[in-house]
Amino acid sequence: MIPWDKIFETKIPLIDNQHKRFLLKANLFYVKCKVNTSFQECEEDLSYLEKLLLSHFSEEEALQKELEYPQFHHHQASHDRLRSITREVGSHLRASSFSNESLQEFYHCVETFVKDHLVYDDMKFARYYQEKTKIGSS
Ligand SMILES: [Fe+2]
Ligand SMILES: [Fe+2]
């Protein structure tokens, strides 16, 4: 389990809600599929998780575009890498019927997503967002 931490907070309500929701559901999925949950149920939860993550990336990118974030392309490239990792991990999980090994891989990917992308890339955008909206509102 990867608990939510204050250091993950971007102070952008839409983004924080999506990050929290994703992390919560990812933890639940991991714990649930570790014990003997049916393939069908793991598959449904995984599809839901994938949808959550992909729509989060799209919405975050839309917000960055709207605010003319100078590092948009860099951030998008990082999302692209995560999109392909998501596809890869998803196919390993399904092909191995959610084996412990593939669940371990999934866990490490979520950890990397949170500790690398969220803490560095999203936080960089969060600082820009705070500056931009501060200037915009004064
Ligand atoms: Fe991001
Ligand atoms: Fe994000």
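**Helix packing, residue by residue**

Biologist: Which residues of α2 do Ile15, Gln18, Arg21, Phe22, Lys25, Ala26, Phe29, Lys32 and Cys33 in α1 meet?

Modeller: This is a predicted model, where local features need pLDDT of at least 70 and side-chain atom pairs count only at pLDDT 80 or more, while totals for chains, interfaces and linings use all residues. Residues are numbered from 1 along each chain as its sequence is written, and chains are lettered from A and ligands numbered from 1 in the order in which they are written. Helices here are DSSP runs (H or I, at least four residues), numbered from the N terminus, and two residues are in contact if their C-beta atoms, placed from the backbone, lie within 7 Å. On that basis, the α2 partners are Cys42, Asp45, Leu46, Tyr48, Leu49, Leu52, Leu53, His56 and Glu60.

Biologist: How many residues of the contact of α1 with α2 are nonpolar?

Modeller: Ala, Val, Leu, Ile, Met, Phe, Trp, Tyr, Cys and Pro count as nonpolar, Asp, Glu, Lys and Arg as charged, and the others, Gly among them, as polar. In this contact, two residues are polar and five charged, and the nonpolar ones number 11.

Biologist: Are α1 and α2 roughly parallel or roughly antiparallel?

Modeller: Axes are lines fitted to C-alpha atoms, for helices over the stretch in contact, with angles from 0 to 180 degrees between N-to-C directions. The axes of α1 (residues 13–34) and α2 (residues 39–66) come within 10 Å and cross at roughly 160°. Angles under 35 degrees count as roughly parallel, over 145 as roughly antiparallel, 65 to 115 as roughly perpendicular and the rest as oblique. The pair α1 and α2 is therefore roughly antiparallel.

Biologist: And what about α2 and α3, roughly parallel or roughly antiparallel?

Modeller: Here the axes come within 11 Å, crossing at roughly 175°. That makes α2 and α3 roughly antiparallel.

Biologist: How many residues of the contact of α2 with α3 are charged?

Modeller: From α2, the contact takes in residues including Glu43, Glu50, Leu53 and Phe57, and from α3, residues including His75, Arg83, Leu93 and Arg94. Nonpolar residues number six and polar ones six, and the charged ones also number six.

Biologist: How far apart are the end C-alpha atoms of α2?

Modeller: The expected span of a helix is 1.5 Å times one less than its number of residues. With 28 residues, α2 should span 40 Å, which agrees with its end C-alpha atoms being apart by 40 Å.

Biologist: Which residues in α2 are buried?

Modeller: A residue is buried if 20 or more other C-beta atoms lie within 10 Å of its own, exposed if 12 or fewer, and partly exposed in between, with C-beta atoms placed from the backbone. The buried residues of α2 pack against α1 and α3. They are Leu49, Leu53, Phe57 and Glu60.

Biologist: Is Glu68 buried or exposed?

Modeller: Glu68 sits in the loop between α2 and α3. Although not a glycine, Glu68 has a positive phi of about 50°. With 9 other C-beta atoms within 10 Å, Glu68 is exposed.

Biologist: Is Phe98 buried or exposed?

Modeller: The loop between α3 and α4 holds Phe98. Leaving out residues up to four places away in sequence, Phe98 touches Cys33, Phe39, Cys42, Leu93 and Leu103. Given 24 other C-beta atoms within 10 Å, Phe98 is buried.

Terms used. Helices (H or I, at least four residues) and strands (E, at least two) are DSSP runs, numbered from the N terminus.
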